[in-house]
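User: Could we go through this model together, helix packing and then a pocket?

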Amino acid sequence: MPCRGLTQRVVVLLYHSVNPTSVYSSASPEEFRQHLEWLQRPCRIVPLDEIPARVPGHDPGPTVAITFDDGHLDNYIYAFPILRELKIPATFFLTAGYMNQDPDVRSRLAMLNGGPVRPMEWGQVREMQTAGMSFGAHTYSHPNLATLPRGAAYEEVRRSREILEDELGVSVGTFAYPFGRAGWHYTQETVEAVAEAGFDLATSVGWQPVRWSDCPYTIPRYWVIHDDVQGLEDRLRGVLDFAALQERLPLSLARRFYPGEFPP
Ligand SMILES: [Zn+2]
């Protein structure tokens, strides 16, 4: 059923934690289920790697892909059963050092999230993989890649791909930039490092749909934070497309207005 008033926009959604209690959750399990049940009606929900081929014009209504960043245990406990029940594909970007229980990386994720964190186990990830979920890399230690020297940025990217491929036994072609804002958290040099490390698709964060002009290494995603169904519909309709404004903000002002986007 085509969605009345909705366009052929192609939108990628970004969740982090799906959790009834965590201070950093993107959605409670109930909200997450409501999102998916609503999206299923007007939208075609596709795996992320199909997105570049589905830019506006391909499908009669809106097209959506679902993604998760970081690799929190609650993705397995709360989000995965709902995705499996509703037969919806999703891609999970895993911070490799967090998944490997590196104490420094886990402390960093706890600092960034403002509360205790726990990663999924590799066995759980493989169970999700068998059920049709996809996995991409999200660096080893979740740094701001734009602030690292080129060699160090490349190593973060390459190492995460290697760890995921060893654990999952498949080629890993998708990557997500930590924090994800163009210019603030990744640069042209970062994009080159990601391509050089062998990835063929990378996702960012930006309040805009995927357009013809987007390069496959800068696929924008809307960050979901406890949106109700109306908020989700606003994203699909483009009521909240602020990415162009944000990208033009000088870095000095961005640091002042959005201090949370520039962690140590
Ligand atoms: Zn992240």
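User: What should I know about the source?

Analyst: This is a predicted model, in which local features need pLDDT of at least 70, side-chain atom pairs count only at pLDDT 80 or more, and totals for chains, interfaces and linings use all residues. Residues are numbered from 1 along each chain as its sequence is written, and side-chain values use heavy atoms, with hydrogens and water left out.

User: At what angle do α1 and α2 cross?

Analyst: Helix α1 (residues 29-40) and helix α2 (residues 73-86) cross at roughly 25 degrees, and their axes come within 10 Å. Helices are DSSP runs (H or I, at least four residues) numbered from the N terminus; axes are lines fitted to C-alpha atoms over the stretch in contact, with angles from 0 to 180 degrees between N-to-C directions. α1 and α2 are therefore roughly parallel to each other (under 35 degrees; over 145 is roughly antiparallel, 65 to 115 roughly perpendicular and the rest oblique).

User: Which residues make the contact?

Analyst: From α1 they are Pro29, Phe32, Arg33, Leu36, Glu37 and Gln40, and from α2 they are Tyr78, Ala79, Ile82, Leu83, Glu85 and Leu86; contact means heavy atoms within 4.5 Å. By class, 8 are nonpolar, 1 is polar and 3 are charged (Ala, Val, Leu, Ile, Met, Phe, Trp, Tyr, Cys and Pro count as nonpolar, Asp, Glu, Lys and Arg as charged, and the others, Gly among them, as polar).

User: And how do α1 and α8 pack?

Analyst: α1 and helix α8 (residues 229-237) pack at about 45 degrees with axes 10 Å apart, and are therefore oblique to each other. Gln34, His35, Trp38 and Leu39 of α1 meet Val229, Leu232, Glu233 and Leu236 of α8.

User: What about α5 and α6?

Analyst: The angle between helix α5 (residues 122-130) and helix α6 (residues 150-168) is about 70 degrees, with axes 10 Å apart, and the pair is therefore roughly perpendicular. Trp122, Val125, Arg126 and Gln129 of α5 contact Ile163, Leu164, Glu167 and Leu168 of α6.

User: Switching topic: what is the volume of the second largest pocket?

Analyst: Its volume is about 200 Å³. On a 1 Å grid over the protein atoms alone, a pocket is an open set of points where a 1.4 Å probe fits, with protein on both sides within 12 Å along at least five of seven lines. Points are joined across faces, edges and corners, and the volume is the space filled by probe spheres set on them.

User: Which residues lie nearest its centre?

Analyst: Ser134, Phe135, Val170, Ser171 and Val172 do, out of 13 lining residues (those with an atom within 4 Å of a point). The lining of this pocket divides into 6 nonpolar, 6 polar and 1 charged.

How values were computed: Helices (H or I, at least four residues) and strands (E, at least two) are DSSP runs, numbered from the N terminus.
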